[in-house]
Amino acid sequence: MPIVSCPPAPPSFTDVLRAARVIAPHLPPTPMWFYPVLDAHVGAEIHVKHENAQPTGAFKVRGGLNLLAHLPAGAEKAGVLTYSTGNHAQSIAYAARISGVPCTVVMPENPNPAKVAAVEALGAAVEIRGATMVETGAYARALAEERGDRLISPAGDPDLIAGVGTLYLEMFTRQPDLDAVFVPVGSGTGAAAACLVARAVAPRCRVIAVQSSLAPAAHDAWRSGEPAGRPVQTVAEGLATGSSFALPQQLMRGLDDFLLVHDDDLRAAQRLLLTKAHTLAELAGAAALAGLLAVRERFTGRKVAVVCTGANAGPAEIERLLS
């Protein structure tokens, strides 16, 4: 009889509190500011959580630091290995450097050269394998087994989600009376963490996930309640995930809504952040604002937060934004 693997148990709010103590010596709280010109344009009071200010340029570093801090004793003698289009890769590479653990990152073909350079600058080795993340993940799993490295899934570890949860702990400490928070979704760790923390400390706040309609795997899995795999056609690297992840989907059952936006909407939101909020976001980092813009009439005059999850736009993306 085949063995069916089950995802690990999801983290608890206590795990988020513990993660906050783990990452505090390494990461100060990120800013959360509002911009009157942006508010006037949208018609709501918008608080932008600036995870683009992290040392890796993205929120995922929180999860990486928490996960590496919980490796079993002696694990530093081996190595860690992960697969990612970029921001998760930088997270693990950054944490591995702090922890003194060898790190290898496998990326799919044609990666963002800026993200490759950033991962290598952090001391990690980079391998390019696979036309899609599905192929890349399969190669990474085989390589980790062959070498005896600890394989780190982009979204399958409770310590990753607990670490990301510290973002929302900071958010609700700063603004406990938010009406809603909009969260971009690639693998789903951010939305899962938002649901976990909001349920504990801000149960009246609506949590709304946003994903590209050109890579809707997590959205479709959430709608159907079943695992989903979908083609990836989005150019937003942080949202380019072709399959759903079981662990974050468990926590994402607490979402109030899940929106799909087109890449053109992402570009419009990216430009709005640049011109109205002095913020350079990568396309995935603008997804939360794109989601708010898609349903702005529901939130007129309300207090909402959008997470700018990352600023790691490649040269071509920045050139297109400025043209």
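Start by selecting Trp 222 and Phe 258: both are buried, where buried means under 20% relative accessible area, exposed means over 50% and partly exposed lies in between, with a 1.4 Å probe and protein chains only. Before going further, note that this is a predicted model, in which local features need pLDDT of at least 70, side-chain atom pairs count only at pLDDT 80 or more, and totals for chains, interfaces and linings use all residues. Residues are numbered from 1 along each chain as its sequence is written, and side-chain values use heavy atoms, with hydrogens and water left out.

**Stop 1: the rings**

How many aromatic pairs does a search of the whole structure find? It turns up two. Rings of Phe, Tyr and Trp (its six-membered ring) pair if their centres lie within 6.5 Å; planes under 30 degrees apart count as stacked, over 60 as edge-to-face, and the rest as tilted.

Show the side chains of Phe 182 and Phe 299. Their ring centres are 5.4 Å apart and the planes sit at 75°, so this pair is edge-to-face. Colour by secondary structure and you'll find Phe 182 in strand β7 (residues 180-184), while Phe 299 is in the loop between α12 (287-294) and β10 (303-308), 117 residues apart. Helices (H or I, at least four residues) and strands (E, at least two) are DSSP runs, numbered from the N terminus. Both Phe 182 and Phe 299 are buried.

Now go back to Trp 222 and Phe 258. Their pair is tilted, with 5.8 Å centre to centre and 55° between the planes. Trp 222 belongs to helix α9 (residues 217-224) and Phe 258 to strand β9 (residues 257-261), 36 residues apart.

**Stop 2: the charges**

Next, look for salt bridges, meaning a side-chain nitrogen of Lys or Arg within 4 Å of a carboxyl oxygen of Asp or Glu. The whole structure has 16 of them.

Select Arg 62 and Glu 170, whose side chains meet in a salt bridge at 2.9 Å, N to O. Arg 62 is in helix α3 (residues 61-69) and Glu 170 in helix α7 (residues 158-174), 108 residues apart. Arg 62 is buried at 1% relative accessible area, and Glu 170 is buried too, at 18%.

Then try Glu 282 and Lys 115, another salt bridge, with the closest N and O atoms 3.3 Å apart. Glu 282 lies in the loop between α11 (263-277) and α12, and Lys 115 in helix α5 (residues 113-121), so the pair ties together parts 167 residues apart in sequence.

One more: Asp 177 and Lys 303 form a salt bridge, their closest N and O atoms being 3.1 Å apart. Is Asp 177 buried or partly exposed? Asp 177 is partly exposed, with a relative accessible area of 41%, whereas Lys 303 is buried at 17%.

**Stop 3: helix α4**

Finally, select helix α4 (residues 87-99). Of its 13 residues, 10 are buried, including His 88, Ile 92 and Tyr 94. What covers these buried residues includes α3, β3 (80-83), β4 (103-107), α5, β6 (150-152) and α7. Step just past α4 to Gly 100, which takes a positive phi of about 75°.

Key. Contact means heavy atoms within 4.5 Å.
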